[in-house]
Number of protein chains: 2
Amino acid sequence: MTARAVEPLSPDGLEARLRRIGAERYHSLHPFHRLLHGGKLDRGQVQAWALNRYVYQAGIPRKDAALIARIEDRALRREWVRRIHDHDGDATDEGGIARWLTLTDGLGLDRDYVRSTEGALPATVFAVEAYQHFVYQHTPLEGVASSLTELFAPPTHAERIAGLLEHYDFIDESLVAYFRRRLEQAPRDVGFALAYVRGHARTIEQQQAVLKALEFKTNVLWAQLDALYFAYVEPGLIPPGAFQPEGP
Amino acid sequence: MTARAVEPLSPDGLEARLRRIGAERYHSLHPFHRLLHGGKLDRGQVQAWALNRYVYQAGIPRKDAALIARIEDRALRREWVRRIHDHDGDATDEGGIARWLTLTDGLGLDRDYVRSTEGALPATVFAVEAYQHFVYQHTPLEGVASSLTELFAPPTHAERIAGLLEHYDFIDESLVAYFRRRLEQAPRDVGFALAYVRGHARTIEQQQAVLKALEFKTNVLWAQLDALYFAYVEPGLIPPGAFQPEGP
């Protein structure tokens with residue numbers, strides 16, 4: 001919040017401020033995504049993206065567990081635990097992480113190598129760890145608010161599905177299943193989270209905290225693309241030990 | 001481990017050492033439990049026990065979430081997440097915490113007061129928090145091992161059900177539902193956890209760590225009964241702000 005607030009925002013006013021953070025800071029604006037969605041990357045660069053993004057995907061259910069570990073309200077835990085199943089899977093669904101591995105398989109990456117995260121950029125790992133630590137060290141309200149980047153995800157996922165299928169001959173429908181599923185899940189999840197934040201962030205201090213939490217989360221996402229761009233696009237300095245594409 | 005080990009124990013040898021910890025340190029041995037199960041407490045003392053134990057029950061799913069937050073292995077997370085549902089409930093079952101509140105209701109405690117945990121002994125709160133911190137700060141193997149007090153629980157639960165029903169006219173079948181259900185759940189849970197520890201604690205260092213983890217957990221349980229005994233039995237010094245029984 002740039003100016004010092006003198007009275008709390010209405011729920012609608014708060015939502016407008018949250019949405020402005022998305023409009024200004026969501027990683028859909030990052031040049032790496034423009035290159036990815038516009039067909040400007042080679043196969044090795046797409047591999048690097050999928051390999052690093054795996055670290056984030058694999059960290060999300062642990063992040064959600066860390067959030068649940070902070071929640072005193074049983075009803076809220078019961079709602080939130082569904083997200084662990086969304087990513088880890090359950091008896092009826094393989095889950096988002098398995099779908100992400102279908103993508104990395106299809107891109108020709110060795111599954112054990114991907115799962116080991118040995119080739120991931122350290123900056124990716126640090127960003128993902130920071131997200132988990134954030135939710136464990138802040139209030140559940142701030143943890144819930146940090147999930148609200150999902151408000152901005154569906155257009156990016158839709159654009160990504162279209163862009164990946166159109167521009168890359170090594171990507172077919174079977175590889176974008178993760179994003180298709182998130183198009184269904186994200187609106188449901190974010191509807192709950194947004195209502196929760198609108199209902200619970202009532203004081204100026206709480207509202208400033210949720211806005212900062214969402215900004216923090218946009219930083220977590222943005223930092224991952226910065227690291228990818230720096231290592232695999234320009235200047236292309238791959239850190240020691242990180243994934244080396246085989247070349248075009 | 002008293003003597004310095006020179007080679008790792010076999011899985012059976014390790015299990016025997018784990019069971020010896022239970023035989024020597026499980027809180028079934030605590031004098032407070034002897035009084036509780038033997039009908040030697042008045043209603044106010046039983047209320048104090050149920051009120052404080054609520055803090056532990058309510059903390060368990062957050063402890064399990066903190067453990068899941070440490071687990072890299074998706075299959076293990078999928079197994080462990082069931083425990084969150086066991087306590088918080090799901091679409092088909094109200095869960096263990098709700099059953100515990102049925103007990104505190106039946107003992108005449110105000111539900112909002114119980115859930116606020118305002119009347120709980122600080123020592124209870126500290127012990128429960130220490131458990132959650134332990135699993136978040138140690139390896140998943142140690143976290144799993146810390147759950148193995150469940151190995152020793154069924155005889156205690158069976159004795160408790162019989163003792164409570166026999167000795168206290170203010171306790172009927174509806175109030176012991178929590179323990180009846182745990183008689184079913186605990187063997188299933190502990191079967192998995194014991195097999196996991198037997199299979200994964202292979203080195204001397206890992207075996208020492210899991211034995212220490214189980215010792216730690218017995219301390220968490222024991223400390224809660226020490227605090228109850230001290231405040232409500234002898235010398236009966238109730239800390240400021242803690243629950244005051246109305247007297248017999």
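This is a predicted model: local features need pLDDT of at least 70, side-chain atom pairs count only at pLDDT 80 or more; totals for chains, interfaces and linings use all residues.
Chain A contains 11 helices and zero strands. From the N terminus on, its elements run α-α-α-α-α-α-α-α-α-α-α. The radius of gyration of chain A is 18 Å, close to the 18 Å that the globule rule gives for 248 residues, so chain A is as compact as a globular protein of that length. Along the principal axes, the C-alpha atoms of chain A fill a box of roughly 55 × 45 × 35 Å.

Chains A and B are related by symmetry. Chain B is superposed on chain A by a rotation of 180° with 0.0 Å of shift along the axis. The RMSD of this superposition is 0.0 Å. The two copies are therefore related as by a two-fold rotation axis. In chain B, the C-alpha nearest that axis belongs to B:Ala65, at 2.3 Å. The same surface serves both copies, and 100% of the contact residues of chain B recur in chain A.

The contact between the chains takes 16 residues from chain B and 16 residues from chain A. On the chain B side, α3 and α4 (74–88) each supply at least two residues. Helix α4(B) gives the most, with six residues. By class, the side of chain B that touches chain A has nine nonpolar, two polar and five charged residues.

The α4 helices of the two chains pack against each other. Helix α4 (residues 74–88) of chain A meets α4(B) at an angle of about 160°, with the axes 11 Å apart. Because angles over 145 degrees count as roughly antiparallel, α4(A) is roughly antiparallel to α4(B). The crossing of α4(A) past α4(B) is left-handed. From α4(A), the contact is made by A:Arg74, A:Arg77, A:Arg78, A:Val81, A:Ile84 and A:Asp88. From α4(B), it is made by B:Arg74, B:Arg77, B:Arg78, B:Val81, B:Ile84 and B:Asp88. The residues of this helix pair divide into four nonpolar, no polar and eight charged.

Helix α3 (residues 43–68) of chain B packs with helix α11 (residues 204–232) of chain B at an angle of about 150°. Their axes are 11 Å apart. That angle makes α3(B) roughly antiparallel to α11(B). Here α3(B) passes α11(B) in a right-handed crossing. Helix α3(B) contributes B:Gln45, B:Ala48, B:Trp49, B:Asn52 and B:Tyr56 to the contact. Helix α11(B) contributes B:Gln224, B:Leu228 and B:Tyr232. By class, the contact of α3(B) with α11(B) has five nonpolar, three polar and no charged residues.

In chain A, the peptide bond from A:Glu234 to A:Pro235 is cis, with omega near 0°. A:Pro235 is placed in the segment after α11 (204–232) of chain A. In chain B, the peptide bond from B:Glu234 to B:Pro235 is cis, with omega near 5°. B:Pro235 is found in the segment after α11 of chain B. A:Thr117 is a residue other than glycine with a positive phi, near 55°. The loop between α6 (111–116) and α7 (122–137) of chain A holds A:Thr117.

Notes. Residues are numbered from 1 along each chain as its sequence is written. Chains are lettered from A and ligands numbered from 1 in the order in which they are written. Axes are lines fitted to C-alpha atoms, for helices over the stretch in contact, and angles run from 0 to 180 degrees between N-to-C directions. Helices (H or I, at least four residues) and strands (E, at least two) are DSSP runs, numbered from the N terminus. Angles under 35 degrees count as roughly parallel, over 145 as roughly antiparallel, 65 to 115 as roughly perpendicular and the rest as oblique. A crossing is left-handed if the near helix is turned anticlockwise from the far one by less than a right angle, and right-handed if clockwise. Two residues are in contact if their C-beta atoms, placed from the backbone, lie within 7 Å. Ala, Val, Leu, Ile, Met, Phe, Trp, Tyr, Cys and Pro count as nonpolar, Asp, Glu, Lys and Arg as charged, and the others, Gly among them, as polar. Copies are superposed by least squares on the C-alpha atoms of residues with pLDDT of at least 70 in both. The radius of gyration is taken over C-alpha atoms; the globule rule is 2.2 Å times the number of residues to the power 0.38.
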